[in-house]
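Thanks for coming. Please have the sequence and the model open while I talk, and follow the residues as I name them.

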Amino acid sequence: MSLIIKIAFRNILRHRGISLVIGTILFIGALFMSLGNGVINGAEKGIKKNLIDRFSGSITVMSARNKEDKVLGNMGQLQVIGNYKKVDKVLENQDYINKFLPLTRGVVLFLNLSMGIDDPSIAGVYGVDFEKYQNMFQNNIVILEGVPLKPGEKGILLNVERRTAIYHMQNIWLFPEGHPLDKKWLTPAALANIDSLRTRNDVVLLGINDIRLPVKGVFKFRQLNTFLKKINIINLESLRECFAYVTSADKQMELPKEYKDLLEMEEENLFDFFSEHS
């Protein structure tokens, strides 16, 4: 071993220029490889901590009828999973699934509440059970004003960035119902216009149907709020109503016996029935 070290140092001293060039190349290569590996490992950890654990989850189960499988790049409306109860049971029985959350989404228009000529504001909404959402994603939503959505309660949690955009487009300042206007959250433009500031505590969303919802709170995502600024949270029932899905209000009706007999009547007898009652 000592002989090898002596030979190595003798060659370095004899060929100093070549040794310096080769050593510099090796050092730069090792440095860039170390920096590259560090950046990649840091990015992977950051994506897992801030995006997967706090927003998207590891696996997304979607209806096969969705035309695109993009989760983050496409804010379009999701197709309904018709056999969700069966899917739910399958997911519950998988050992590798720690927890899961039913969620649906869509793109809506925030209709102009001032009835002016400004264009409505376009944004995305997530329909979720808010408490389950917070439990799933490590309380990633921070309520800045107002209160969270309670189970079974109708309302909207408005992204703080979306509220600013609505004010700039519609000249209306939104804040939670049942709470006083807090000036500390006003933008410089709104604060300068405080004497004539128009305010509201509700919004009108247009999907397939238009619905009016009270503003329950204003929030931001703890991580990546600038990236997720178009996303607002509403209760599941309201999203179903907005996009004409079946809601719990659509209850089954018990038909009288004569109506049931009419529906079950053969075609020939049906013609006779109407001819007799014409």
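Tyr 126 stands opposite Ile 233, which belongs to strand β9. This is a predicted model, where local features need pLDDT of at least 70 and side-chain atom pairs count only at pLDDT 80 or more, while totals for chains, interfaces and linings use all residues. Residues are numbered from 1 along each chain as its sequence is written, and side-chain values use heavy atoms, with hydrogens and water left out.

Back to the strands. Strands (E, at least two residues) and helices (H or I, at least four) are DSSP runs, numbered from the N terminus. Two strands pair if DSSP finds at least two bridges between them. Strand β2, residues 121-127, pairs with β9 in the parallel sense, over four bridges. Strand β4, residues 156-159, runs antiparallel to β9, and two bridges join them. There, Ile 156 has Ile 234 as its bridge partner.

Next, the cores. A nonpolar core is a set of buried Ala, Val, Leu, Ile, Met, Phe, Trp, Tyr and Cys residues joined through side-chain atoms within 4.5 Å. In soluble globular proteins, nonpolar side chains tend to be buried together. The largest core here has 19 residues, and those touching the most other members include Ile 156, Ile 234 and Leu 213. Elements that each supply at least two residues of this core include β1 (104-110), β7 (202-206) and α7 (236-242). Strand β8 gives the most, with three residues. Contact means heavy atoms within 4.5 Å. Leaving out residues up to four places away in sequence, Leu 213 touches Ile 156, Val 203, Ile 234 and Ser 238, among others. Apart from this core lies another, of 17 residues, among them Phe 130 and Leu 157.

Now the charges. A salt bridge is a side-chain nitrogen of Lys or Arg within 4 Å of a carboxyl oxygen of Asp or Glu. The structure holds seven of them.

One joins Arg 163 to Glu 145, with the closest N and O atoms 2.6 Å apart. Arg 163 is in helix α5 and Glu 145 in strand β3 (residues 141-146), so the pair ties together parts that are 18 residues apart in sequence. Arg 163 counts as buried because its relative accessibility is 1%. Glu 145 is buried too, at 6%.

Another salt bridge links Glu 153 and Lys 216, at 3.2 Å between the closest N and O atoms. Glu 153 sits in the loop between β3 and β4, and Lys 216 in strand β8, so this pair ties together parts 63 residues apart in sequence. Asp 202 and Arg 212 also form a salt bridge, at 3.0 Å between the closest N and O atoms. Through shared partners, salt bridges join Glu 153, Glu 177 and Lys 216 into one network.

Terms used
Buried < 20%, exposed > 50% of the residue type's maximum accessible area, 1.4 Å probe, protein only.
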